[in-house]
Amino acid sequence: MIIIMKPSATKENVDRVCNVLNEYDMGVHLSQGNELTIIGIIGNKNKIQHIAFELMDGVDRVVHVAESYKLANRAFHPEPTVIDLGDVTIGGDSVVVMAGPCAIENQDMVMDTAKFVKSCGAQILRGGAYKPRTSPYSFQGLEVDGLNYMYNAKKAAGLKMVTEVIDEESLENTLEYADILQIGARNMQNFKLLRAAGRTNKPVLLKRGLSATIDELLNAAEYIMAEGNQNVMLCERGIRTFETATRNTLDLSAVPLLKHKSHLPVIVDPSHGTGKSNLVGAMAKAAVVAGADGLIIEVHPTPEKAMSDGDQSLNFKQFEALMRDLKACAAISGRTL
Ligand code: PEP
Ligand code: MN
């Protein structure tokens, strides 16, 4: 349920409504836009169903929100969320590019990749130190050594860093290195991990689960936000369908749909979304034109030798060419890159 205040409502009017809600132990989420104040209400609404909020001074109307996610809901927070990382913002007028290897393999490869992607205009280094691999016999990541290599590279290149956490221990280890915590597709409904990320002050890149609906993705974001962390990005990375010609089916309609349903920034991963490096460029460009706030792209100095996801990784030349095209795509939707 949300209460929309009149444009003429005073602070006292807003406080009175909030006080009544507090008396009934309801969660209150205040969204103060340029014109409107919206009071989002969380909790058992049966407790307040007898109260005629419409009759209170300054109240314009009461709207019932059908969706089970509230904090992530556009109705609760009409203005887009802009995540501020200092010199990089996500969700504003500029499209952000996160690029780097699937996995951190050694110091040199992540250093070279970081410097190269930075020179092409990327702002954030991606890379996995903890790798949730389908097979237990595949390379599982360098863990804390990988975090150190990645941190050295991001510092040297002047980038921010996003890396995956797979459980509470890796989350704890990652906090001192990363600017953004990534929760991967396989952990989208690991509710303990979502809650733990919600108790940190790091922005979270939440990837859509392999077979997750849009509603499930938004409810997963709600788990993080309900713990207090409002800086969540939603990432479309392809879903499992009957189609086997691509690794996943990249659901680009999720971009405008998520932006309609939620105020959170939307990021697209065309690498995992297709599984094929020759398809990455077209889908990256389409994602930007569709309104994505950012991209996360796998780039490797020698994809043919990569320890994971070489088939979908761009080499340096391919990434450089793509970044040139993406600038034009961003301009189509009135943004910069
Ligand atoms: C990744 O980004 O490295 C990754 C494992 O992605 P996903 O969780 O989308 O499979
Ligand atoms: Mn990968």
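Modeller: Helices (H or I, at least four residues) and strands (E, at least two) are DSSP runs, numbered from the N terminus. This is a predicted model, where local features need pLDDT of at least 70, side-chain atom pairs count only at pLDDT 80 or more, and totals for chains, interfaces and linings use all residues. Residues are numbered from 1 along each chain as its sequence is written, and side-chain values use heavy atoms, with hydrogens and water left out.

Let's start with helix 5 (residues 191-198) and helix 6 (residues 214-226): their axes are 6 Å apart, and the packing angle is about 45 degrees. The crossing of helix 5 over helix 6 is right-handed, meaning the near helix is turned clockwise from the far one by less than a right angle, with anticlockwise being left-handed. On the helix 5 side, the contact (heavy atoms within 4.5 Å) uses Phe191, Leu194, Arg195, Ala197 and Gly198, while helix 6 brings Ala220, Tyr223 and Ile224. Sorted by class, that is six nonpolar, one polar and one charged residues; Ala, Val, Leu, Ile, Met, Phe, Trp, Tyr, Cys and Pro count as nonpolar, Asp, Glu, Lys and Arg as charged, and the others, Gly among them, as polar.

Now for another pair. Helix 2 (residues 107-119) packs with helix 10 (residues 316-332) at about 25 degrees, axes 10 Å apart. That angle makes helix 2 roughly parallel to helix 10, and this crossing is right-handed. Asp112, Thr113, Phe116 and Val117 of helix 2 meet Phe316, Phe319 and Glu320 of helix 10, which comes to four nonpolar, one polar and two charged residues.

Setting aside neighbours within four places in sequence, Phe116 is in contact with Phe316, Phe319 and Glu320.

To put these pairs in context, the protein has 10 helices and 14 strands, and 55% of its 337 residues are buried.

Terms used: Chains are lettered from A and ligands numbered from 1 in the order in which they are written. Axes are lines fitted to C-alpha atoms, for helices over the stretch in contact, and angles run from 0 to 180 degrees between N-to-C directions. Buried means under 20% relative accessible area, exposed over 50%, partly exposed in between (1.4 Å probe, protein chains only). Angles under 35 degrees count as roughly parallel, over 145 as roughly antiparallel, 65 to 115 as roughly perpendicular and the rest as oblique.
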